[in-house]
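Subject: Handover of a two-chain model

Dear colleague,

Please find below the structure that I am handing over to you. My notes on it come after the structure.

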Amino acid sequence: MYRVLLFLIAGWSGFFVMAIELLGGRLLAPYFGSSIYVWGAIITVFMLALSLGYLWGGYASLHAPSLRRLALILLAAAAATLPVLLWGDCLLEHLSALIADPRFGSLAAATLLFFLPTCISGMVSPYAVRLLVADRASAGQLAGKLYFVSTAGSAAGTLLTSFYLVLYLEVNQILLLLLAVSALVGLIAGLQPRAVDA
Amino acid sequence: MCASISASMSAGAEQRLIHSEKSLYRDVFVYEDGRTRCLCFTRLCAIGRQTCIDLAKPDRLVFEYTQMMLGALFLAPAPNTILVIGLGGGTLPRTLARLLPDADIDVVEIDPAVVDVAQKYFGFRPDARIHLTVQDGRAYVRAALRGSKRYDLIMLDAYEHQYIPEHMLTREFLTEVRSLLVPGGIVAANTFSSSQLYSNESVTYSSVFGRFYNLRSGNRVILAANGPLPSIDEVTLGSRRFTAAFEPYGFAASTLLPMFSTHPDWDLGARILTDQYSPSNLLNGRP
């Protein structure tokens, strides 16, 4: 159960990040257009946020790592997405009036809206690797499995969102759905008895 | 990016690639077949031609949709300020500038490669009356709304069968376009909806403009007004003013009139497209 939950969190976090990234493009388009610069800005911000998240997640895993804390990271990433839902349009409205250039405007918008949740999401994988690995011999294999699950989750998040979810739901409804799943997975993992921690 | 398929163009001599231009979006190809020169976004123009000119009569409007777009002039015979979103080969702004010697025309095109090709191969020239901005159409509209300039006529020519910019087919975008029109101003849209999207697009336009003229013949052109829609009698009267003017462009104003319809031939219960819900390209592929 313990391992299943670790993989579930990593896979879901991968799904979550890519779904948000795709929706980010839709949210920014009315204000900055959908030129190649806007997508370039969004992808840059997500990559940068993830890379710093990996670093941060690795450091965090040095101090009393536990499944419960990993669950908290997932919940924090979801909570950090709330401002997108609550104030996204208002912020984009002001930013697009302030910064006319679509390159810097969308860079600023993507940073303000998506940097924090994506960075926190990036913490998940290295932190989960620490919880999975018991000895050096299996470390590479387990890290490989974790990357597999997390990146496969990203692929699923990309495909499901762009092919199906946007066809049936509004952008904000999809965001709410993502937050609900994060909350569910986070609570299930967070409420496990402490004894299962390695 | 304007666009059209023309069945009558597909026959004829072998087409020859005379230029290809690298693009941030889609590479631009220029083909010639002896009679016409066409701008395409795919090799051998496999998925449609965006613009074609008749090499012997460069003024002639090769595509029916450009003629249909000019039907907007029957609703507003003397627009002084015009916005064209989507350049293609520049046929529309070029023709409008000739037809309306007093009009100021702003053109917005997202792709600098299209601008280069339109200038080198299709005789498009920005000048004192034709101003070109390289920008996303919706970003331009939003920025323009913050200024004081308003338009008598707005032409949306940014859609094609291969790709519809989804943020430019929503209730919010059309509301912005409407706000950018003077009272009584006209919007003309060359749309590429087929299958399921046709209904979604129709109810979305209705939700912003109410009744509109729907011109169909292979292509679909929507003509709508910021205010009461001119009656068919007014349209007929308007068309007479262009009987002689349209002649050099190879068509008769009167051939357009039978196409003007306000009859809703779509599913009225279709879902309105919004910034929150705009899967236009997915809907366009559905039967």
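Predicted model: local features only at pLDDT ≥ 70, side-chain atom pairs only at ≥ 80, totals over all residues.

Residues are numbered from 1 along each chain as its sequence is written, and chains are lettered from A and ligands numbered from 1 in the order in which they are written.

Chain B overall

Chain B contains eleven helices and eleven strands; these are DSSP runs numbered from the N terminus, with helices (H or I) of at least four residues and strands (E) of at least two. The C-alpha trace of chain B spans about 45 × 40 × 40 Å along its principal axes. Of the 287 residues in chain B, 50% are buried. A residue is buried if 20 or more other C-beta atoms lie within 10 Å of its own, exposed if 12 or fewer, and partly exposed in between, with C-beta atoms placed from the backbone.

Domains of chain B

The domain assignment, which is automatic or from a database, gives domain 1 (7–54) and domain 2 (64–284). Their C-alpha centres lie 23 Å apart. The contact between them takes 16 residues from domain 1 of chain B and 13 residues from domain 2 of chain B, where two residues are in contact if their C-beta atoms, placed from the backbone, lie within 7 Å. On the domain 1 side, strand S1 (16–21), S2, S3 and S4 of chain B each supply at least two residues.

Strand S3 of chain B

Five of the five residues of strand S3 (residues 36–40) of chain B are buried, so this strand is largely enclosed by the rest of the structure. Thr36(B), Cys38(B) and Cys40(B) point one way from S3(B), and Arg37(B) and Leu39(B) the other way. S3(B) pairs in the antiparallel sense over four bridges with strand S2 (residues 28–32) of chain B, and Tyr31(B) stands opposite Cys38(B). Pairing requires that DSSP finds at least two bridges between two strands. The hairpin of S2(B) and S3(B) has three residues between the strands, and Gly34(B) takes a positive phi near 95° there. S3(B) also pairs in the antiparallel sense over four bridges with strand S4 (residues 51–54) of chain B, where Leu39(B) stands opposite Thr51(B).

Contact between the chains and the core

The contact between the chains takes 17 residues from chain A and 17 residues from chain B. On the chain A side, H1(A) gives the most, with four residues.

The largest nonpolar core has 142 residues, and those touching the most other members include Ile9(A), Leu28(A), Ala72(B) and Leu223(B). Such a core is a set of buried Ala, Val, Leu, Ile, Met, Phe, Trp, Tyr and Cys residues joined through C-beta atoms within 7 Å. H1(A) gives the most to this core, with 18 residues. Domain 1 (7–54) and domain 2 (64–284) of chain B both give residues to this core, so it lies between them. Among the residues that Ile9(A) touches are Leu70(A), Val124(A) and Ala189(A), not counting residues up to four places away in sequence.

With kind regards
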